[in-house]
Amino acid sequence: MAIGIRLFSERVGEGAGQPVLDADNAEELIHVQPGVSIVLANHPPQSPGTLYISSKKIVWLSDVEREKGYAVDFLSLSLHAVSRDPEAYPSPCIYAQIETGTDEEESEDSDSESADILDLSKITEMRLIPSDPNQLDQLFEIFCECAELNPEPIEGEEEDHNWIFSADQLGNDVAEIEDPDWFTSQNLTNTIGHSNGDHDLARSVLELQINDQRFEDAEEMEHDVNSSSHQ
């Protein structure tokens with residue numbers, strides 16, 4: 001899986017052409033939107049091109065320079081939204097955050113880079129500006145549909161319910177902390193928030209495990225008290 005945004009120039013057909021798709025992996029073209037400008041991080045908008053949305057990725061191809069284009073997989077998008085707030089950006093657009101696989105501090109450095117330097121490995125934000133703002137809602141819906149076709153892979157799929165082991169590891173760490181409630185409330189999301197759709201179930205199971213342990217402790221204390229009273 002490619003991480004981040006990358007250069008893309010593989011085209012077929014005459015004129016501006018269309019992007020080459022990965023037919024071997026059943027990639028299909030879902031939508032074509034002409035007249036779209038692209039903005040990467042804090043760099044200025046690039047000349048309008050054509051936006052191609054496939055079942056696997058987003059491709060923007062320049063209408064002016066045939067060798068110029070960018071692509072980003074849906075698996076690399078951590079967020080996408082419609083932006084119409086002029087204080088956030090002057091033009092209505094689709095705003096997207098991109099996972100680069102690099103350290104957060106290195107990625108944030110891209111905001112201070114010169115506008116003449118474009119290091120794609122550090123680009124964490126992308127804006128797509130259609131010439132017709134009325135197309136934004138439709139584009140957003142297509143983004144959502146295609147994102148659902150590309151769920152984030154679960155690490156260690158060969159193990160059933162692998163998130164339960166993470167809960168066990170949490171339990172070991174909790175024992176080393178004076179206030180386990182603080183640890184759970186502060187860190188539960190970070191640990192289970194990446195379980196790709198199962199985080200609500202995982203959260204419920206973990207809370208159930210914790211509550212069960214508390215009930216067991218309470219029962220033991222009650223038993224000890226009763227034993228002492230009978231003596």
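Let me start with Ser83 and its contacts, where contact means heavy atoms within 4.5 Å. Leaving aside neighbours within four places in sequence, Ser83 is in contact with Ala88, Ser91, Pro92, Cys93 and Tyr95. Ser83 sits in strand 8, residues 77-83. Helices (H or I, at least four residues) and strands (E, at least two) are DSSP runs, numbered from the N terminus. Ser83 counts as buried, because its relative accessibility is 13%; buried is under 20% relative accessible area, exposed over 50%, and partly exposed in between, with a 1.4 Å probe and protein chains only.

A word on the source. This is a predicted model, in which local features need pLDDT of at least 70 and side-chain atom pairs count only at pLDDT 80 or more, while totals for chains, interfaces and linings use all residues. Residues are numbered from 1 along each chain as its sequence is written, and side-chain values use heavy atoms, with hydrogens and water left out.

Also in strand 8 is Leu79. Leu79 has a relative accessible area of 36%, so it is partly exposed. Not counting residues up to four places away in sequence, Leu79 touches Tyr95, Ala96 and Gln97. Leu79 and Tyr95 are 16 residues apart in sequence, and their C-alpha atoms are 8.1 Å apart in space.

Now the chain as a whole. The chain has five helices and 10 strands. It has 231 residues, of which 32% count as buried. Of the contacts between residues at least 6 apart in sequence, 59% join residues at least 24 apart.

Next, strand 5, residues 49-54. Six of its six residues are buried, so strand 5 is largely enclosed by the rest of the structure. What does strand 5 pair with, if two strands pair when DSSP finds at least two bridges between them? Strand 4, residues 29-40, runs antiparallel to strand 5 and is joined to it by five bridges. Strand 6, residues 57-62, pairs with strand 5 in the antiparallel sense, over five bridges. The hairpin from strand 5 to strand 6 goes through two residues. Take Leu51 in strand 5: it is the bridge partner of Gln33, and in strand 6 its bridge partner is Trp60.

On to helix 2, residues 136-148. Helix 2 has 13 residues and reaches 19 Å from first C-alpha to last, close to the 18 Å expected at 1.5 Å a residue; the expected span is 1.5 Å times one less than the number of residues. Which residues of helix 2 are buried? They are Leu136, Leu139, Ile142, Phe143 and Cys146. These cover an arc of only 125 degrees around the axis, which puts them on the same side of helix 2; the arc is that of the directions from the helix axis to the C-beta atoms. Their cover includes strand 4, strand 5, strand 6, strand 8, strand 9 (93-98) and strand 10 (125-130).

Last, the cores. A nonpolar core is a set of buried Ala, Val, Leu, Ile, Met, Phe, Trp, Tyr and Cys residues joined through side-chain atoms within 4.5 Å. The largest has 25 residues, and those with the most contacts inside it are Ile5, Met126 and Leu128. Helix 2 gives the most to this core, with five residues. Not counting residues up to four places away in sequence, Leu128 touches Val36, Ser37, Ile38, Leu51, Ile58, Cys93, Ile94 and Phe143. Apart from this core lies another, of five residues, among them Phe8, Tyr52, Val59 and Leu61.

How values were computed. Pairing = 2+ DSSP bridges.
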